[in-house]
Amino acid sequence: MHRRITGLTALLVALPLTAAWAGTYDLTIGKTQTDVTGKPKTVLTINGTVPGPTLHFKEGEEVTINVTNTLDVDTSLHWHGLVLPYRQDGVPGISFDGIEPGETFTYRFPIRQSGTYWFHSHTGFQEQEGMYGSIVIDPKTPENFSYDRDYVVVLSDMHNDSGQTILHNLKKSSDYYNRDQRTVGDFLSDIRQDGLGATLRDRADWGDMRMMPTDIADVSGYTLLINGRNADQNWTGLFKPGERIRLRFINASAMTYFDVRIPGLKMQVVQADGNEVDPVAVDAFRIAVAETYDVIVEPKDKRAYTVFAEAMSRSGYARATLAPRKGMEAAIPPMSPRPQLTMADMGMAHRGMDHDAMGRVMDSDAMAHDGQPGAMQPKAGMDHAAMGHAMPGHDMPDTDKPSDPFYAPGSGLTPKAPNGGKFLSYDDLKAARPLYEDRPSTREIELRLTGNMERYFWSINGVKYSDAKPIRLRYGERVRFKFVNETMMTHPMHLHGMWSILDTGKGRWDPIKHVVSIAPGKTVYTETEVDAPGEWAFHCHLMYHMGTGMFRKIIVEGGPSQQAALRTKENEE
Amino acid sequence: MKYLSLVLAAGFLMAALPAQAEMSDDDVFAALFVNRLEYRVQPGGDMAVAEGQLRIGNDEHKLVGKADIDYLISSGRYEKAEFQLRYQRMVSDFFDLHIGVRQDLKPSPNRTYAVIGASGLAPQWFEIDASAFVSEKGDLSLRLDADYDILITQRLVLQPALTLDAALSDDRDTDIAAGLTSLETGLRLRYEIEREFAPYIGVNWERKLGATSSLVRTSGEDPDILSFVAGVRLMF
């Protein structure tokens, strides 16, 4: 990778008084062998490594990125979270045709933001095979926090089975990768604990739905990595005691949500999805697939600390170390208990079923959240009349537990810090630098997150991508998206090209994200200022949910179309 | 009838397979399930049994070929050789409807049937396949297949299974009398070394029912057979 400043480009893009940077970056897509999963495996690389390089941009820079495909199949790179002309977004079939074998494709776009982002292939299952890297953008105006050291921490998952094999296995048998199913032994121990009647009722309820409370992740068997290293290889970041270290966490996984903690250290969350938030001190946070969180830690002691990232399903963990010198290690904590879904997580999922006790119970927004005023409450006359009746005798919300309004009350997935400390919630995120004025949305679009676990396909409003019409938005409007998760899985929904302002009831100070994770049985609202003309992808970022249909094309009509057309033309030349 | 069904099935399948360049959400997958490949120790001579199905299709539409073969090892003859070709279409989250043809090469005389029915996962995790058959002679018969997996551990699975056959009219040539005709139940304990490869042992009990029982007895066969089985379940 090289960078140079080309005066001509600088002149072209710079307004008279601002000097713009222009950098050129060369990326080559190739293959290499690895045994990081414990077995020999061919992985895809960007500039020879997994993960690929960290691209350092500057806010205001005009970047040129030459991507050379040395594979024998098509590829692509998508700049995740970057706001750019849609032809530069890198989604084959929507923004461009993809990059053919032997071809060098040149991306050109201005950098109009700062923070931590990442990039990855948007072709087939290439991302899971290793095609991802990080992006660090220096801000024009200094951030509200300081630090002495800066590390990128890329979390990812790698599987011995190819993406195509995994999908095929899931289609043959949707529980192919679930080796955490409930057994006769669990049945007996549940009887001892809860009594025969309650256990039989519980089994009957789940059996009626033909779903499993242990079904937290669709695919197991991943080796979990930090910066391309497995837990034994132990990626290590050095520090001097007393330094403030910025850790830029990026979840580049195909399917894995991580719960992250560093025993012995508080983490100050300072950015979410590249956007600054008012600092929140936490002991642990959950990072959805494709999200980023920047945290500051301040190790005072001259000792090693373990960065511990366990899969939400507890199928394994990734581990790294912060240490005063190479080779030092700290204890690896035990994984916390494996979550089990409750009836609350099944919430709205089965409205059509004869489950009288459940009814519409779980429109959990309607449940009061004292002390969290306005959390999740629709702003203007939305239907939150569906105030549920709590489900008698079934997994009622435990009042001792700190509740997170972004999980259904009584959810088995609500995270808890193992040391009893603070676990980050979306509700804690408050934008430090709002990008937009707060204004009423012009309309609401409901997106029910749907799917068929047994046949293994996923959809939006019951329709797969290949059967769906694009969602049409008008340039200049502010759209309110209502996500209703009717499935039992958690979905990290990613809108390309435009920001998703997550409604946490803070109005102008609502956090600005590119991925919003929607827990089972939950309804979550986001708002988007439609300020990017063109055609964009909008999808669940879980690889096999996206790949089997939980995906939409968004078309933004109107706006400065001439400008967009010009830019398109320029790039095609 | 037979050929018409085949053509219909093929036609439905072709119509269901549009190409979608960038997404795999409408891909066609093929999978072979050999549910039983087993040796049966039983009075009157040991038997080899193969039963499975090949599925080709996308989420909504599938072409399914089924085979169910019983081979009497001692006498070197096939006791049963039943084949079905079905078009299966998704009609609900958990169920498919199917139409197709069934060809019995054994027992003699051969019979060809039209098939209609439903299959899927019923509440409480019962795998169900219910079919109605009309033979070329116009005889109507019904069949229900059901099985259930009890997980002793994540890999050790006990599977009770049941097949119940009924006929609405007599077909004397094949020893079938109207009414419930036969009940086959089994209990198999498998160990999933891989999902694709699971050896098992178990018992199987096949009993002819009602008037069919007497017909079979008259033909010199045993209407009540208990066997011990050992075999393997495969998936490709």
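How far apart are the end C-alpha atoms of helix H4 of chain A? They are 20 Å apart, which agrees with the 20 Å that its 14 residues (196–209) should span at 1.5 Å a residue, the expected span being 1.5 Å times one less than the number of residues. This is a predicted model, where local features need pLDDT of at least 70, side-chain atom pairs count only at pLDDT 80 or more, and totals for chains, interfaces and linings use all residues. Residues are numbered from 1 along each chain as its sequence is written, chains are lettered from A and ligands numbered from 1 in the order written, and side-chain values use heavy atoms, without hydrogens and water.

**Helix H4(A)**
- Helices here are DSSP runs (H or I, at least four residues), and strands are too (E, at least two), numbered from the N terminus.
- Among its buried residues are Trp206(A) and Met209(A); buried means under 20% relative accessible area with a 1.4 Å probe, protein chains only.
- Helix H3 (184–194) and helix H5 (343–346) of chain A are part of the cover over those buried residues.
- Just after H4(A), Arg210(A) takes a positive phi of about 55°.

**Where chain B meets chain A**
- On chain B, 36 residues are in contact with 40 of chain A (heavy atoms within 4.5 Å).
- Look for six salt bridges between the two chains, each a side-chain nitrogen of Lys or Arg within 4 Å of a carboxyl oxygen of Asp or Glu.
- Asp59(B) and Lys464(A) meet in a salt bridge at 2.8 Å, N to O.
- E1(B) gives the most to the side of chain B that touches chain A, with four residues.

Terms used: Buried means under 20% relative accessible area, exposed over 50%, partly exposed in between (1.4 Å probe, protein chains only).
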